[in-house]
Amino acid sequence: MEILIFAETDGEGNLKKDAYEIASYASEISLENGGSVNALCFNATNAESLSDYGVNKIINCKNEELKNFDPSNYSKCISEVFNNKECNLLVLSSSSNSKYIGGILSVLTDASYVTNVISKLTNGEKMTVVRNTFTNKAFETVEIIKNKIILAISKNSYGLKEKPVKSEISEINFNISESKNKVKSIDRATNKVTIADADIVVSGGRGLKGPENWHLVENLAEVLGGATACSKPVSDLGWRPHSEHVGQTGKPVSSNLYIAIGISGAIQHLAGVNSSKVKVVINTDPEAPFFKAADYGIVGDAFEVVPKLIDKLKEFKAVND
Amino acid sequence: MKILVCISHVPDTTSKINFCENNSKFDKSGVQFVINPNDEFGLTRAIWFKEKNNATIDVINVGLQDTESTLRKALAIGADKAVRINHEPKDGFSVAKFISDYISENNYDLIIAGRESIDYNGGMVPGMISALTKINFIDKCIALNISGNSVEAAREIEGGKENISTQLPLIIGGQKGLVEESDLRIPNMRGIMMARKKELVVVETSDDPSATHSKSFEKPQPKGEVTLVSSNDIEKLIDLLHNEAKAL
């Protein structure tokens, strides 16, 4: 099975962690099914690093016009490579940009498209794959109908697996058409870890009593190098921006570590954070539903516990980093 | 301006998720269905355009007769006409295909679909409609202003937002931010009465364009007990996170 992955870069041209995760996934599939793993990236400065994760052929497109994400040009270029290389499988990450173009790509390449994938492809009478559904409240086994397949892999579900290989690196160019969407400006907090990219997310709820107390969440996140998040009521009250709202109708979180401070754990919130690997809850109420979903818990007042935790983590980091 | 809002009929966020028929289907018994929240933010923005710019709003759903209650709710909130494609879709592509066929026969200036339904979480329908109809697409749209044919929009990106200008016709993947939670409308008695008189068209189909089939469902294993740590023993928590959970 000939496989293509779309290896995404950040604004500076560095490959994202997601790119290595989908490379690891694709390389495992090729090991079982034969064929080689091709990777397409745009303006990557460290494209060769994909060879550590089993990518046989790295195609780097160096074109300033593709520096910023554009859905129509990106999907056109990716589908062109997918069709020209006669690939059967395209692997995407679950980033915002990959999900933006996933549906478009499936139409352009006439492929079966499955998102939130958490398993490898299984060969049977028909190929099947398992995905997260009902906001992490269930797993669904999906049968592939078409000959071509596009899978968007759920973040952190597969992990990074090093497998150094000797790779061919080539360059490619495309005819770029003028974009219909003119990006006028980008508002982005620099130097801040995003919820999507973070390994650790620190989240606050109404138990923190007001936006003026958010230094607790921010300081803890800073010590851990994590992102800050909040519960739905907190964003509805305007204490924190919508972009920080995690849960069923907000952002999903699939970090390694999720720390919930003063969040009782409504079913919608728990669903959204369920795919995080390790969950810690700090809450005064021992009956809070979050204690049933968490791995570790402290029953206590956040205003006392969190400053102590920050101090102890600083000591820990000083010794261990 | 003619607007089409795609409405997904989904279980309320508090619903217990169970499966029936040998774990092959979602168990609808005792479940309250609602307009998919991401679609509702889009519908509410559409109503704003109706009130300010004299837009007309059609709503569409691909589903069997039981989804009509959700379409009626959309009419009660302010949509002008509802369309139901009489088909139980097997996947997101079927939904996108039927809606695209309808769009091709009934031109729209703006098509709004939620970026993702909160039941199957496919997140693929708006992008597929855009590719099938060749209409320009903005996903994760969190602001939308229209004057004549000119569109000023914002899209959520990781860590911030991107401000975009473009033209109609346009399809967006909508979500919170298009309007605020407090802007959502609750149907009033007059709206509900009027909704009964509004047109609800049923379109028959025969083919099944699906690209994937759902085979079975499984629920995650129940979680083990939480390990409680005393608030006087923070070092213990750090030790557990470092050595046991390997999360630090």
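How many bridges join strand β9 of chain B to strand β12 of chain B, and in which sense do these strands run? I began with this question and noted that the model is a predicted one.

**Entry 1: a strand pair in chain B**

I found four bridges between β9 (residues 136–147) and β12 (residues 170–174) of chain B, and the two strands run parallel. I looked up one bridge in particular: C141(B) has G174(B) of β12(B) as its partner.

**Entry 2: the sheet around this pair**

**Entry 3: helices across the strands**

**Entry 4: the nonpolar cores**

Which residues touch the most other members of the largest nonpolar core? I recorded I5(A), A7(A), A23(A), A39(A), V91(A), L151(A) and V5(B), out of 112 residues in that core. Helix α3(B) supplies the largest share of this core, with seven residues. For I5(A), leaving aside residues up to four places away in sequence, I listed contacts with I22(A), A23(A), A26(A), V37(A), A39(A) and V91(A). A second core is separate and has 49 residues, among them V217(A), V253(A), I259(A) and Y296(A).

**Entry 5: a run of parallel strands in chain A**

I turned to the strands of chain A. Strand β2 (residues 37–42) of chain A pairs with strand β3 (residues 57–61) of chain A in the parallel sense, over five bridges. Within this pairing, N38(A) is the bridge partner of K57(A). Strand β3(A) is also joined by five bridges to β9 (residues 168–172) of chain A, again running parallel. There, the partner of K57(A) is E168(A).

**Entry 6: the two domains of chain A**

I noted that chain A is divided into domain 1 (3–172) and domain 2 (200–320). Their C-alpha centres lie 32 Å apart. Seven residues from domain 1 of chain A and eight from domain 2 of chain A take part in the contact. On the domain 1 side, I found no nonpolar residues, five polar ones and two charged ones.

**Entry 7: where the chains meet**

How many residues of chain A are in contact with chain B? I recorded 72 residues of chain A against 62 residues of chain B. Helix α3 (residues 96–109) of chain A gives the largest share of the chain A side, ten residues. By class, that side has 31 nonpolar, 23 polar and 18 charged residues.

Strands also join the chains. I found two bridges between β15 (residues 296–299) of chain A and β15 (residues 227–228) of chain B, which run parallel. In this pairing, Y296(A) stands opposite T227(B).

Technical notes
Residues are numbered from 1 along each chain as its sequence is written. Chains are lettered from A and ligands numbered from 1 in the order in which they are written. This is a predicted model: local features need pLDDT of at least 70, side-chain atom pairs count only at pLDDT 80 or more; totals for chains, interfaces and linings use all residues. Domain bounds come from an automatic or database domain assignment. Two residues are in contact if their C-beta atoms, placed from the backbone, lie within 7 Å. Ala, Val, Leu, Ile, Met, Phe, Trp, Tyr, Cys and Pro count as nonpolar, Asp, Glu, Lys and Arg as charged, and the others, Gly among them, as polar. Two strands pair if DSSP finds at least two bridges between them. A nonpolar core is a set of buried Ala, Val, Leu, Ile, Met, Phe, Trp, Tyr and Cys residues joined through C-beta atoms within 7 Å. A residue is buried if 20 or more other C-beta atoms lie within 10 Å of its own, exposed if 12 or fewer, and partly exposed in between; C-beta atoms are placed from the backbone.
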